[in-house]
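Hi,

Here is the structure we talked about. Please load it, then read the notes below.

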Amino acid sequence: MKEKIKVILVDDHAVVRAGFRLLLSSVDHIDVIAEAERGEQVCRLYLEKRPDVIVLDLSMPGIGGLETIRRVLLRDSAAKILVFSVHDEIVYVNRTLAAGAKGYITKNTAPAILLDAIEAIAAGGIYIEQGLRKNLSESDSESEYRALIDALSPREFDIFRLLAKGLTIHKISDELCLGFKTVANYGTQIKSKLKVSTTAELAHIAMVLGIMKG
C-alpha cells in the first residue's frame, strides 16, 4: 500500500485549519499529522513529527511565514514547504521562493489545486499556481538569468539542474558518477557564476526559466 503523505497545517485561524483538514481528509493518501497556529510551534514540531509537507500561511502573529521557512530549513534543508496565502502579489511569491519554499498557491484557488500542490511537492517537485507562474516569469529578470545559464558548461548545467531539484551532493555524485569533491567544487563554481549563495536561489532561477516545471 502506498504510504500516506504526512502534512502539518500551519495557520493562525482555527476555522481555516479545520476547513483544510476536512478537505485533506477526503483523500486517503494524505494524513494531517499535526496543526500549528504560529511559526514558532511548527519549528518545534518539525523534528518531532517529520512531515513530508508543511502547508504554511504567510501572515501569522509571531515570526510569520517567511522567518518560519528560514528556521525550518535551518533544521532540515530538505524540508518541503507549500505556502498557502491570501496574497497573490508577485513580491510575496518571489520572497517565498527565495526563502526556500517549494510551492505557492493562494487561498482563492480551487480545492483540487491544494491537493495537486501537496502531491507534487511531496514527490520532490515545485508547484506554483498557474496564474501566478505567468506573472512570475514576466516580473523577473528572465533575460539576465538566461544569459547566466547560457554561460554554463554542459556539465555545469547538468549539476545546476540537479541541485535546483534538491538533490544532495552525494546523490548527484552517484547519478553522474563523479567524485563528491568534484561535484562540490562544481556547485561552488555554479553559484558564483549565477551570483547566488543558496540552493533555494538556484531553484528559483530554474523555475523562472521553466527548467523545472511545477
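Which residue forms a salt bridge with Arg71? The partner is Glu67, with the closest N and O atoms 2.8 Å apart. (A salt bridge here is a side-chain nitrogen of Lys or Arg within 4 Å of a carboxyl oxygen of Asp or Glu.)

Before the rest: this is a predicted model, where local features need pLDDT of at least 70, side-chain atom pairs count only at pLDDT 80 or more, and totals for chains, interfaces and linings use all residues. Residues are numbered from 1 along each chain as its sequence is written, and side-chain values use heavy atoms, leaving out hydrogens and water.

Arg71 and Glu67 sit four residues apart in helix 3, about one turn of the helix. (Helices are DSSP runs of H or I, at least four residues; strands are E runs of at least two; both are numbered from the N terminus.) Arg71 is partly exposed at 30% relative accessible area. Glu67 is partly exposed too, at 22%. (Buried means under 20%, exposed over 50%, partly exposed in between, with a 1.4 Å probe and protein chains only.)

Helix 3 covers residues 64–75. Its buried residues are Gly64, Gly65, Thr68, Ile69, Val72 and Leu73.

The structure holds 11 salt bridges. One joins Glu35 and Arg17, at 2.9 Å from N to O. Glu35 lies in strand 2 and Arg17 in helix 1, so this pair ties together parts 18 residues apart in sequence. Arg17 is buried at 11%, while Glu35 is partly exposed at 29%.

Arg38 also pairs with Glu40, at 3.7 Å between the closest N and O atoms.

Best wishes

Definitions and conventions:
Expected span 1.5 Å × (residues − 1).
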